[in-house]
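I am opening a notebook on a structure that is new to me. I will go from the overall fold to the strands, then to a single residue.

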Amino acid sequence: MHFDFVIFEQLFTDKMSIMLFPVLFIEVNGSSHEETTEAIERDEFKQKLLEQFGYKLAIIDATKTIPDEELEQMVVKNIKDAVPSRKDYIVHCPVCKKPMIVKKNKNHEYFYGHEFKNSEGKYCPGINISDIAPLYDGIPVEGK
Ligand SMILES: [Zn+2]
């Protein structure tokens, strides 16, 4: 199966090795796609398959000529909607005050948590990622 673009999130594990997690798949539908039944069915199949694994597919319609700025806005919006990028955003645990990292749960949802147990031998409760304001690498954030 082919995807036009895949955006990965780079996370550091506890052993300081790097792991790449695919977070967003992008299909750019050019004139070859047009509105053929086959192309539509293929996109729907890809979308369903990715959803099963908790991933998102962004489809960008490039069949019409649009200005570069408009295309850029479209791409940025898709990324902001789908990719939580908070690498430079240190979130401290409200319980033990140590930095938390972005993790994924069994349902492929992002949350802040620890790789380690706290001094009481327990895992601190995770924080829902949507409760923390997002930052996006390389994408200007309003007011910044
Ligand atoms: Zn903690």
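I started with the secondary structure: the protein chain comes to two helices and seven strands. Helices (H or I, at least four residues) and strands (E, at least two) are DSSP runs, numbered from the N terminus. I read the elements from the N terminus on, and they run β-β-α-β-α-β-β-β-β.

I noted what kind of model this is. It is a predicted model, where local features need pLDDT of at least 70, side-chain atom pairs count only at pLDDT 80 or more, and totals for chains, interfaces and linings use all residues. Residues are numbered from 1 along each chain as its sequence is written.

**Confidence**

I looked up pLDDT, the predictor's confidence in each residue, from 0 to 100. The protein chain averages 74, and 71% of the residues score at least 70. Confidence is highest in helix α1 (residues 37-52), at a mean of 86, and lowest in strand β1 (residues 5-12), at 72. Over residues 135-144 the pLDDT is below 50, and beyond near neighbours in sequence this stretch has 14 contacts in the model. I count two residues as in contact if their C-beta atoms, placed from the backbone, lie within 7 Å. Where pLDDT is low, the predicted coordinates should not be read in detail.

I also checked the contacts between residues at least 6 apart in sequence: 49% of them join residues at least 24 apart.

**The sheet**

Which strands form the open sheet? I found four, in the order β4-β5-β6-β7, with antiparallel pairing. The edge strands are β4 and β7 (127-128), as each pairs on one side only. Two strands pair if DSSP finds at least two bridges between them.

I then went through the sheet pair by pair.

- Strand β4 (residues 91-92) is joined to strand β5 (residues 99-104) by two bridges. V91 has M100 in β5 as its bridge partner. Six residues lie between the two strands of this hairpin, and K97 in the turn has a positive phi of about 70 degrees.
- β5 is joined to strand β6 (residues 110-113) by four bridges. V102 partners Y112, and K103 partners F111. This hairpin has five residues between the strands, and H108 takes a positive phi near 65 degrees.
- β6 is joined to β7 by two bridges. Y112 has I127 in β7 as its bridge partner.

I looked at the two faces of β6. Y110 and Y112 make up the covered face, while F111 and G113 make up the uncovered one.

**Burial**

I call a residue buried if 20 or more other C-beta atoms lie within 10 Å of its own, exposed if 12 or fewer, and partly exposed in between; C-beta atoms are placed from the backbone. Of the 144 residues of the protein chain, 7% count as buried.

Last, I picked out D61, which lies in strand β3 (residues 56-61). Is D61 buried or exposed? D61 has 12 other C-beta atoms within 10 Å, so D61 is exposed. I also checked D61 against M74, 13 residues apart along the chain: their C-alpha atoms are separated by 9.7 Å.
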